[in-house]
Amino acid sequence: MKSTVILMLVVGITLVSADTLDFSRQAVYVTMLERQNLGSFAHGNLTARVLEVLGRASYDRDITVREFLTSHPREALRLERMTLPVIQGETRFGSDGSVSTDYRVPLTGSIMVQILPKTGGGRLLGRVACPCCGQEWPEGVDVPEGVELVPYETGTDPGYTGILIDGRGLGYKPALFPRVVNEKDLEVYGPGFVEEKELAVSGMVAYYQSRTEALASERIGANPLAVRAIGVTGTNACDFVVSAHDAAKIHGSKANLELLAKCRVGFLVD
């Protein structure tokens, strides 16, 4: 597979309708059909096609990517003017002289940077402690300005390598920026708990169809904190709901929060 950025005009290319967004690979796949003497094709045509596919995807629980870009015209303009990081795939030659070529356009990196949500500011759920002495913070006591509470840690660190949310059988639908919430709809994982740089490079979550696949991945590793989702929520059915107990467990240590910050989170889906 050859990595290339399309800068030159390619003669006579039209679009094939089987263009898709693969959430598991975090990429848009576009197939171009070239026929001689049908005019010329510029890189901008491929950009337009990629943005068309991307625009139909769910951005988060409420809106599509197209709706996000409509309300963020500067970001939309930047995307339209970008030279996409195109990876050329298989080329096929037809008996009628046509040539079709597959292209993969990764969403992470330069594209993701343009559509990132605001990050940071997540609120810890479960037992919390004073950052100075480590003692549990009394319930109902106001937190002074400038003090950021930390998880109240009661045991040894199990050395989790990632966080895996099992939501199979719940009718989940993928999105670019899904969240995990508790039964009160408070954010357990989402933009509030990630580092912007990590989000741009890795994406919010990785999608897996088997536990074996997840455990074999570098992102989740062999010893994840595994949690069973109890439902999905949101207009786009892309946010998992977990119990209050599991929400507190996910927020139960600084090590777990670091996993969230580094986007070392995976969703098991159908």
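## The second largest pocket

In this predicted model, the second largest pocket is lined by 20 residues, and those that lie nearest its centre are Tyr152, Thr154, Lys249, Gly252 and Ser253. The space in the second largest pocket comes to about 370 Å³. Helix H7 supplies the largest share of this lining, namely three residues, and, sorted by class, the lining of the second largest pocket holds seven nonpolar, nine polar and four charged residues.

## The largest pocket

The largest pocket has a volume of about 670 Å³. It is lined by 28 residues, of which Gly122, Arg123, Leu124, Leu125 and Val128 are the closest to its centre. By class, 16 residues of the lining of the largest pocket are nonpolar, while six are polar and six are charged.

Several elements take part in the lining of the largest pocket, for strand E10 (150–151), helix H7 (244–250) and helix H8 (254–261) each supply at least two residues. Helix H8 gives the most to the lining of the largest pocket, with five residues, whereas in the second largest pocket the largest share comes from helix H7.

## The fold as a whole

The protein contains eight helices and 18 strands, and of its 270 residues 47% count as buried. When contacts are taken between residues at least 6 apart in sequence, 70% of them join residues that are at least 24 apart.

## A sheet of four strands

Four strands form an open sheet in the order E13-E12-E17-E16, and the pairing within this sheet is mixed. Strand E13 (187–189) and strand E16 (231–233) are its edge strands, each of which pairs on one side only. Strands of a sheet pair through backbone hydrogen bonds, and they may do so in parallel or antiparallel fashion.

Within this sheet, strand E12 (residues 180–181) and strand E17 (residues 239–241) run parallel and are joined by two bridges. Across this pairing, Val180 stands opposite Phe240 in E17.

## The hairpin of E7 and E8

Strand E7 (residues 87–93) and strand E8 run antiparallel, with five bridges that join them, and Phe93 stands opposite Val99 in E8. Five residues lie between the strands of this hairpin, in which Gly97 takes a positive phi near 90°.

Strand E8 (residues 99–106) is mostly covered, with six of its eight residues buried. In a regular strand the side chains alternate between the two faces of the sheet.

## An exposed lysine in a loop

Where in the protein does Lys118 lie? Lys118 is found in the loop between helix H4 (110–114) and strand E9 (128–129). Lys118 counts as exposed because its relative accessibility is 79%. Although Lys118 and Val194 are 76 residues apart in sequence, their C-alpha atoms are 9.8 Å apart in space.

## Confidence in the model

The mean pLDDT of the protein is 88, and 89% of its residues reach 70 or more. Over residues 1–17, however, pLDDT stays under 50, although the model has 52 contacts beyond four places in sequence for this stretch. Residues 36–42 also have pLDDT that stays under 50, and for them the model has 14 contacts beyond four places in sequence. Where pLDDT is low, the predicted coordinates should not be read in detail.

Definitions and conventions
Residues numbered from 1 in each chain as written. Predicted model: local features only at pLDDT ≥ 70, side-chain atom pairs only at ≥ 80, totals over all residues. Heavy atoms only, no water. Pairing = 2+ DSSP bridges. pLDDT = per-residue confidence, 0-100. Contact = heavy atoms within 4.5 Å. 1 Å grid on protein atoms, 1.4 Å probe; cavity = no way out; pocket = protein on both sides within 12 Å on 5 of 7 lines; lining within 4 Å. Points joined across faces, edges and corners; volume = space filled by probe spheres on them. Nonpolar A, V, L, I, M, F, W, Y, C, P; charged D, E, K, R; others polar. Buried < 20%, exposed > 50% of the residue type's maximum accessible area, 1.4 Å probe, protein only.
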